[in-house]
Amino acid sequence: MADEFDPLNEAHASGSRAKEYTDQYDVDRWYEKLQDITFKTEFAPVYRFEAEAITCSYQRGKSKLTDAQKAALEKLEGRLEKLIEKFPQGAFVRLSTRSPKDAVLLSPKLYENLEKFINDETEDPNADTVAWYKAAVHTMKVTSGAEAVALLCSSGRSNTDLTAAIDANKSKDEGEDVELDDMHLIVREWTCVEPQMEFRGFCYKRKLRAVCQYFTSCYFPETVENKNEIAKTLVKFFRKSIKDRIPFDNCVIDFAIMPDGPRVVEFNPWYIRTGPVMFKWLDDIQLLKHGNPGGPEGLEFRIIESLELRRAEGFGNVRDKLKMYRDAKNPTQTYEKSEEKFAARWIVA
């Protein structure tokens, strides 16, 4: 008899049971019920031949694509273009499973955007870090099918997820028009969310138990000043709009507080491989399950309380990288070994 599936047991973190468990948190599973409290979204199928072309492009490079694979990506660009056109302000494109945000690290747009957000007159490591995150987020914005496909083809996350989806659909008949089960393209209306307004929440037994700021490399004085009010806003939103409507008892929720009120960005699985950001799954499990009666609104609410506490390893070279870009105008940026810590936090979070 197989052991009961435990989502917080690393030994159970892969395989068919883990996939079945994590799939229930995909955007296409919950969007219809909760579309009024999240961002406008369009869905499209992923065809096997398109998925194979994306993974081949990532693994071997565009120059190794066959003519048929190039045609498949052009067709995909056209399909995505029609959906992106529904959002005049631009769109955010991802798979059902994850976004291609790791591709940002290799995009020249990252440094083009950093030019817009960094303050050249005053060198401030914390402000520079905030500027980097804003630039990274804006690099995910696309206005064409070609931009969207370029991100997907440059993403190791997308390569991993599409490879798994291709393998899971091996039993299907051959053909270009075979849709992959449990995998969709997600096109969401682009909405600018300020980095200090993103939070990760932990829901256990349909109660919000813990919350932390999403970008831990930054110190936001306004978050510290308004900590109790933010907790009240998120708990009220959860109780009124989420608690009785979600199709799962336990989850990790990404919140965005917008000028017109909070929204759900996405739901993630209550799962050992979901990034806990300012928590540790096993060390903090009692807090994640029961909250903190002495905390604001009964939450264990963690934020970066001072400049000294920000987790900023690797961000000291933001200006050096920008200078290199300005001097060389290198169309392909790479990150150095010293930057791996902040790169990892951007990807895992």
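The largest nonpolar core of this predicted model has 50 residues, and those with the most contacts inside it are Ile242, Ile253, Phe267, Trp270 and Trp281. A nonpolar core is a set of buried Ala, Val, Leu, Ile, Met, Phe, Trp, Tyr and Cys residues joined through side-chain atoms within 4.5 Å; buried means under 20% relative accessible area, exposed over 50%, and partly exposed in between (1.4 Å probe, protein chains only). Because the model is predicted, local features need pLDDT of at least 70 and side-chain atom pairs count only at pLDDT 80 or more, while totals for chains, interfaces and linings use all residues. Residues are numbered from 1 along each chain as its sequence is written, and side-chain values use heavy atoms, without hydrogens and water.

- Helices (H or I, at least four residues) and strands (E, at least two) are DSSP runs, numbered from the N terminus.
- Phe267 is in contact (heavy atoms within 4.5 Å) with residues including Trp30, Leu34, Ile242 and Ile253, leaving aside neighbours within four places in sequence.

**Helix 2**
- Val27, Trp30, Tyr31 and Leu34 are the buried residues of helix 2 (residues 27-34).
- These residues cover an arc of only 120° around the axis, which puts them on the same side of helix 2; the arc is that of the directions from the helix axis to the C-beta atoms.
- The exposed residues Glu32 and Lys33 are carried by the face turned away from the buried side.

- Five strands form an open sheet of mixed pairing, in the order 8-7-5-6-9; two strands pair if DSSP finds at least two bridges between them.
- Strand 8 and strand 9 (300-302) stand at the edges with a single partner strand each, so one side of each is left without a neighbour in the sheet.
- Strand 5 and strand 6 pair in the antiparallel sense over six bridges, and Phe202 stands opposite Ala210 in strand 6.

**Aromatic pairs**
- Rings of Phe, Tyr and Trp (its six-membered ring) pair if their centres lie within 6.5 Å; planes under 30 degrees apart count as stacked, over 60 as edge-to-face and the rest as tilted. By this rule there are 16 aromatic pairs.
- Phe202 and Trp281 form an edge-to-face pair, 5.7 Å centre to centre with 80° between the planes.
- Phe202 lies in strand 5 and Trp281 in the loop between strand 8 and helix 11, so the pair ties together parts that are 79 residues apart in sequence.
- Both Phe202 and Trp281 are buried.
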